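Here is a colleague's note, written for someone reading a model of this kind for the first time. Please keep the sequence and the structure open beside the points below.

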Amino acid sequence: MSILFTQMFSSLFGSREARILVLGLDNAGKTTILYRLQMGEAVSTIPSRWPDQYQAILEMLFPKYSWVMVRDWFVRLADLNRSFHSPDIVKGEVPSSDLPDALDAAAVSEALELPKMKNCQWAIFKSCAVKGEGLFEGLEW
Ligand SMILES: Nc1nc2c(ncn2[C@@H]2O[C@H](COP(=O)(O)OP(=O)(O)OP(=O)(O)O)[C@@H](O)[C@H]2O)c(=O)[nH]1
Ligand SMILES: [Mg+2]
């Protein structure tokens, strides 16, 4: 782990262990965010794909669990102990927030039906992984 990433996380969480789920539609910018946080620069990415044979192997080895690929990591579904909105709520392409036709925060929260979620806190931060803007603010929250 890079010094930047380590310093940022120790300033945010101290010695407390934290699990962070990076969840997003295909091509949303998840890997770019992780590289930006780890290396402090924009890195060219290739699409992450879930090879079918991995799913079959995991299901064979651990038949009691359901598995999902949250792109860059394998996650046991039982570890996702909150229910998430189905990605198909957001229909079509949602442009990155730095592009001219991007939705504003209010429109994004409506599309994700966030105001209906009464049992948890949520917030939206406009961010740009390419320029590195808004990422720290979101994590700090
Ligand atoms: N304009 C803009 N483009 C971005 C931003 N973040 C990522 N991209 C671009 O979006 C494309 C997809 O980025 P990735 O980081 O590979 O997306 P991903 O969510 O990891 O994609 P999968 O792993 O395939 O689901 C790349 O061409 C990035 O350069 C951003 O904040 N603004
Ligand atoms: Mg990726």
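1. C128 counts as partly exposed because it has 19 C-beta neighbours inside 10 Å; by the rule used here, a residue is buried if 20 or more other C-beta atoms lie within 10 Å of its own, exposed if 12 or fewer, and partly exposed in between, with C-beta atoms placed from the backbone. The residue sits in the loop between α4 and α5, and although C128 and G29 are 99 residues apart in sequence, their C-alpha atoms are 9.0 Å apart in space.

2. This is a predicted model, in which local features need pLDDT of at least 70 and side-chain atom pairs count only at pLDDT 80 or more, while totals for chains, interfaces and linings use all residues. Residues are numbered from 1 along each chain as its sequence is written, and chains are lettered from A and ligands numbered from 1 in the order in which they are written.

3. The chain has 5 helices and 2 strands, where helices (H or I, at least four residues) and strands (E, at least two) are DSSP runs numbered from the N terminus. Read from the N terminus on, the order of these elements is α-α-α-β-β-α-α.

4. How many of the 141 residues count as buried? The share is 5%, and the buried residues of helix α2, which covers residues 30-39, are T31, I33, R36 and L37. Just after α2 comes G40, with a positive phi of about 70°.

5. Is D26 buried or exposed? D26, found in the loop between α1 (3-13) and α2, is exposed, because 10 other C-beta atoms lie within 10 Å. D26 and P47 are 21 residues apart in sequence, yet 7.8 Å apart in space from C-alpha to C-alpha.

6. E113 belongs to the loop between α4 (105-111) and α5 (135-140), and its phi is near 55°, a positive value in a residue other than glycine. With 11 other C-beta atoms within 10 Å, E113 is exposed.

7. Two residues are in contact if their C-beta atoms, placed from the backbone, lie within 7 Å. Among the contacts in the chain with a separation of 6 or more, 42% are between residues 24 or more positions apart.

8. On confidence, the mean pLDDT (the predictor's confidence in each residue, from 0 to 100) of the chain is 72, and 67% of its residues reach 70 or more. Strand β2 (residues 73-76) has the lowest confidence, at a mean of 54, whereas α4 has the highest, at 88. Over residues 79-93 the pLDDT is below 50, and this stretch has 11 contacts in the model beyond near neighbours in sequence. Where pLDDT is low, the predicted coordinates should not be read in detail.
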